[in-house]
Structure formats: structure tokens, C-alpha cells
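Subject: Structure handover

Hello,

Here is the structure we talked about. Please look it over, then read my notes below.

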Amino acid sequence: MRRLVFGLVVLAACDTATAQPPFPSLPTPRINTVFPMGTKAGPPPEVERFGVVLKLDTEVTITGFDLDEPTGLLFSHPGIKGTYIAPPVDPKKKDPPPKVNQNTPHKFKVTVDSKVPPGTYDLRVVGKWGVSNPRAFVIGDLNDLNEKEANNDVQEAQRIEIGTTVNGIINPPTDVDYTVFAGKKGQRVIVSCLASSIGSKAGPMIEVFDSNMRRLVFNRNYRGSDAVADLTLPADGDYYVRVTQFTHTAGGPDYFYRVSISSAPWIDAVFPPVIEPGKAAQVTLYGRNLPGGQPADGLTVDGRPLEKLAVTITPPNDPTANTNLTSLVRIDPVSALQDGFSYNLKGPGGLSNSVLIYFARDKLTVKTKPNNSPQTAEAITAPSEVAGFLTKRNEKDWYSFEAKKGVPVTIELGAERIGSEGDFSFSIRDGKDPKRDLAGVQDDDNDLLHPFGFYTRSSDPSSYRFVPPEDGKYFIVVGCGESNLSGPKSSYRLRFGQPKPDFRAIVMPYSRFFPTGSSAWQGGKQAYHVWIHRIDGYTGTLAVTVEGLPAGVKAQPLSIGPAARWGILLLDIAPDAKPATTPFTVKVTGTTADDKKLVRSARPASVTWGTQVPDQGIPVVVKLDQSLVIAVRPEKALFSIKADIPNTTLKPAGGKEVKVNGPLIVLKQGDKATVPVKVDWTVPEKPNVALIPEPLLLQQQNSPIAVQVAGQPTKDKPEVIVTLDARTSAVPGSYTIVLRGNTQVQFARDPMSKQKQNLPAEAFSSPIPVLVIPNSLGKITAGPLPNNTLKLGTTTELTVKVERQYDFAGEFTVKFIPAKGATGVTAEDVTIPAGKNEVKLALVTEEEAKPGTIAGTIVVTGTYLGKYKITHEAKVSFNVAKGDKK
């Protein structure tokens, strides 16, 4: 189901984000197309012409917007360089050459060190206005050519050799591209066509014909819109490869592709698809042209027989390191929150395609025998992770486990998230009656990291917490909604055990979801989305920090509280910051329930194809990047927004207004605060600015803090009041509020020009840090006492219990305070230890106490975050009576 949804998302984005100008804004470099989309590693090939040896350097042409005065290319690998090729200058003209139009195609010479591993890397343009968004650039190990038009018919087919990659473009929609190669009988040849995996809008179909133009094989939509076909050549002779846009309804410069014809290995699947970190494991590769491979027991992909090959792989030790996911393949949002690493295989005909292998979170068990019924169910114990695949169509896999009444277990099933085909689901069955379903079918996970900026919806089920109703045996039944699927390309991972709370983070340039790079102006701010994926119920507050920034750039503090899904990271650019183009990293830190620190690198991402209609809920096409880059430029920010925290007024729900004491706004649930916010302009027009609070999560009605802006800053009244309302239901924690300011400004690309454009501009406020503290850390109960009676001259123990809230695990002090005028009953203070839930309070009743009723209050105090005293009261009343006579 989800693959269809995502396909429609891609189509929608492509329809609205063709090579038209992007959403109007101040200049920020944006690449639209790169051609060719890759090259071969190592020194360029040489040819001799007229007795002179010439190097055939790779010349790359790039189109886009705001690419004025380019200085070079920046790649995500230091071994790849790109130098700008300036347009030729007429030496007879004395005047300086005119500046190149910002939208004119630019040419660059690319060189690749022979030590650069083959794979897909990020390419960015560096220029006057900053650094662009990344585009894919493939480094291969095959000979690399560009298509030569005309190649639209058999007679015009471009001749190549096996072991060659051709870069091409489908333009116009009816374009047909032919290549021809000579092969020998019995050769198994792989024809692969990269499209969506390198950020193309193309949906190519590849067809292979013999010399009599009899079609032998064809393929499309192998994975995404990539295509892969293979054939064993039936005879010596020429073979023709035909590439077209399926249905011939779309085409253009952004419908590019890379078609490779080789005898290199091709990996279709790896089983198990998950392995334990740092532990050597034997896996089975399923694919074609595998060196030493054997027939794979009748398994096929797209009707083509597969081979299998056992190999040993030693994975990295740290499953959370971002360097693992700096992979050689494209990673879309649905898989971006998993932990894994890339792998490829060397063969006589070259290097295979790269595939992702994922990390298991628990001890791994691999399904080795049929378990398609309750009688053959494979027994598993917690904690464990099982890797399996359906060996037959319409099959279900059964697993059994023993459980204790009331002791919950967490069950997680992943398939699409690890690149598998199929709409997988599971159910939990009664061990005594396997037909009895105890939880219903657990299917699609509709949770989204972001509804259109980072669309993670999956056909995999969400994590499920099962509470056994009694001691005994239970079954987990795994099935696939698409009954025609089976084999290792439809593998799954099943995790079973106790929760392991954790988190992952994604960081993207703030762009309102169209492709953008970095253009940080002096005195301004550069903004980034930081999105948080909470795993197994992780509820901690997260602190975001930055490493590797250039001089003059400082990261503002960002806290993402338990009820927030994301936050806005702001980098302050000093008014005198020097121009720089620098990669940097973002770290996110949290703590576990037992106070252990968790540090995770935020995974950089960017929009591949966006929309010209921002903020309309249209999902955009996004991928993980290999780096995050900031570009500081000497232009001056046009306006700035500052929140005046020291002059903030606190309005407690039941108390007197006070000023904030310090840089932090502390609100109890139900409290309010008013914050002065002021706009300063550097442009003489001083246009009105609309201030918009950036949301903390999708359902703003559930936001822990409601934000209201009273009016717009204007030239005559640049300061407005922003009201913060900590909801009574707010989850306590640290949150960072950011306001976005939108306006229209007069701007000229050339400061000497008198003609200016009216362009939308935006800026961000200084962050408003808010700590929400709870009104209560627990629910308190006291007693009961036998007959609710205290006897004269005795000591009676009163049990005081606390039902803890908000994950508070610290100690409580417990006091008994008699009502005014009440005497004769006292108690020493006691403590409920950290992690405990009750204590005995010794009530001492004096011999001379007056019989009757005595009232008082049990006061229980906890200290939130080691600083804020939270007091709870429970009213009590006892009967005081004479003791029994001896």
C-alpha cells in the first residue's frame, strides 16, 4: 500500500517542481540538473590526435537558479574535485566580460582520485550567494560515456562495449535512446538503469533486443523507478538496448538516467537483512552473476533466476554512527531512521551494486526451517530478533513464546523499512486456541516524522505493546498482504522483548520544503529543522548542539521537550563573520531513565524535488545526505527579530505577576508569560513583518505551549507582545519557541542597480527557552489506619504511597502538619527513596492528647530537575481514643 502512496507523492512533487523557477525568495543557490551524473574513478582516459595525447577530462554541466559567479564544486568526498570552467573571453575586447546570468548553465571539470570508492556522492555548487543543495554524482568503475544524439533508432544506435555506463536524458517525452554492444553466446549480461536512485524524475523502461530486433527481456520499476534486466546471450552477435520513458508522457532535462551494461555481479537481496553490530556473520547473497554463485533453489526476481552465494561480513561496531549510513545508495525517509551500512561485492566483471545491511537491536536468530503452522511454530525467547522471509506465496510464519500474566512485551515487525517488498503485518494468537486473535491485525504505521517535509509513513506495523492476560504460551503470526510475493526480496525482521528507549534525529535546511542550499548573511540567522524519532517510548528532553562551525558562527541553544516532535536550530552569523563554506555536524543528546547519556548524530537530509506551493501539506521528495554545509556570505541581513527574555512577565495561574529572573522562562502547568519581541531593520523601507510561531508538532492543539502574537511589528511600532500559555496538560520539560518573520523587501542583486525586485524575505527570532515544570510529581494516598484510630500513648504507622508521574524517579520528603490548634499528635519527617513508591510515617500520639478528632495534612515534596520544589498535600483526619486496658 505504502509504495503506491509514495509513488503518487513523487508524481505530485514532479508535477509541481519541474524546471520552472522556484518559489520566489532572496537569492539562495539551487541546482536543478547535473550532466553527466557521474564518471569513472581515476585519471581521465587519453586519446592521441594529430600526434598529441589529450586527456578526456569529465566536463559537467549544471543548471539551476541563483548560481551567480560560481567558484567550484564541493563534493562529500575529498578525493573528488570540481573546478569552474569560465566562459571564453575575446582577447580583442578591453571591457571586462559580462557577468554570467545566474540561470545560465555552468561548466566544471571534475577529477576523481583513483582511491575514491565507487558509489553515489553529494555534489554542490559554491558561488556568490553561498552553497547549493546537493545532487547525486555517481563514481563508477566502468567506462563512462555520454549519449550521442542522434541515437533514436536502431541504425543510429551508439556502439559501446560490455563494461560501459552511458549517461542519457529522455527529452522530449517521445525520445528513444539506443545503444548496441557485441556479446558472446553464454555471457550473462546485466543492464541496469539508474533513475530515482540518483534523483531523476524519469521512469525508464529498458528493453534488450537481438540483432533481428526480437525482444529478449525488458524491465521497469525494479526499485523505485530504476530498472534492471539480465539475460544470458543466446548467440554471438550484436544486442540493442532501448531506453524510453514509460508511456512517453513526460520528459525534459530532469529526466536523466545512467544505463550500465556489464558482466559485474548484481545483488538483489541479502539474507539475513540484519546482523549484530561488530560481530562477523555469514549471510547469503541472492543475485545474478555472483562469482562462485549457485542456483538459488528456484527463486526468481521479475521472472529471472537467481543465484546464491554465502559470504562473511564483519559490520562496524557502532550501529548509530552516521558514517555507516553515509552509504553508496540513496536512502529515502522510510528507511532513514534505521541503522545500517552499505555493502558491495567484487567480481571479474567489476563491482556490484551497493546494498544496505541493517543492524539488529537484540540477539539475532535466523529462520532456518518451515514454520507455517501452529504445529511447526519456531519458539523464541525475549529479548531476541528474528530474520525471516516467506518461502512460498500466501504463506504465514508462526512463532511461539512463553509469557507471564501482566508482564508486557514489545513486538516490532519491519520489512519496508529495511528495503523489502510487501505489506507485512502480524497478529498475536492464543496458545490454547490458535484461531483466537488477541490483538487484531497489526498493519500500516501511519505515524509521520513530518507530514510533508519528511514523509516516513510505512506499510510496516508500528511497535506494539502486548500485555498477556494469563501465564502461558502465545503465537506471533507474520504474513504479507500481497499474496503473490515470496523470496528473499520480501524478508522481514521481528523484534520481541522489552522496550529499549532511544531516539534518532534528522536535520534539514529550513526551506519550507523546496530544494535549497545555504546562504547565511552577516548579522542574520541560518535555520534548520531538527526532527526527532522517539523509539520504544523514549520521553526525555533532548539538547541539540553543533560541531565544526566556522569562525563568527554560533549555534543557539535548542531543547526539544518530551511532547515535541521537532525544533528549529538557529545559527547566529556575526555582523563581521568572514565568508566561509564549511561542513558541520549536529549532535543530539538525551539521557536514559537510569541517567545514562545518549548522544546521536543528526542525519542530514535535503529536498530532491519540492513544490512551488509551500505550507499546503504536499509531501516532497527527500533523501538523506552525506554532509551538512553552511556558507557565510558578506551580504547584510535585511532585518532581525529579538525576544527580550529579561523583560518577560510571568503570570502564574494563581499568583502575582513577576519578571523573569534569568535567561530561562520557567512556567508551571497552567501559567502564562508575556514576552516583548522587537524587529530591527537594516533596510530604509522598514516593511511590516508578520510573526508566525514555529510549531513543535503536527497537532498544534496538543502542543505543550500555546503561542499567540499580538499584532505585527511595524516601522512606527517595532515591538509586539507574544503570550506563552503552558497548557494544564503540558508534558513537563524544556522547549524552545522560535518565531518566523515574513515580509516583502526591495532587493537588487547588483547593489549598484537602481532597479529592485519586491521579494519575500524571512528571518527568525532569537530562541525563547521555556521550562515547563509540573504541578505534581505524583498522586498521593495516605492510610488507611485500622478503624482510622490513633490510640493515646502509642505510635502508629501510616503508609504514604505515591503514584509517580512524568518519569520522576527522585526521592520525596514526607511531613505531617497538624491542623491549626491541633495538638498531641506528631511525626518525624521521613523520605520515600528514589525509585520507591511508599514509606511508613510514624504518628506519635501523646498520653495526654485530647480524645476526639484531629485533622492535619500530609505534605509530600519532590525536587524536579534537582532545583524546583513541587509540593503535594493530602488532607487526613483521625480519631484519637484511649488505648485498651491491660
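Lys554 stands opposite Asp572 in E46. Strand E44 and strand E46 (residues 566–573) pair in the antiparallel sense, over three bridges. Here strands are DSSP runs (E, at least two residues), numbered from the N terminus, and two strands pair if DSSP finds at least two bridges between them.

This is a predicted model: local features need pLDDT of at least 70, side-chain atom pairs count only at pLDDT 80 or more, and totals for chains, interfaces and linings use all residues. Residues are numbered from 1 along each chain as its sequence is written, and side-chain values use heavy atoms, with hydrogens and water left out.

Both strands belong to an open sheet of six, in the order E44-E46-E42-E40-E49-E50, with mixed pairing. E44 (553–555) and E50 (621–624) stand at the edges with a single partner strand each, so one side of each has no neighbour in the sheet.

Next, an open sheet of three strands: the order is E23-E30-E27 and the pairing is mixed. Its edge strands are E23 (274–275) and E27 (340–343). E23 and E30 (residues 355–359) run parallel, joined by two bridges. Ile275 has Phe359 of E30 as its bridge partner.

Best wishes

Notes: Helices (H or I, at least four residues) and strands (E, at least two) are DSSP runs, numbered from the N terminus.
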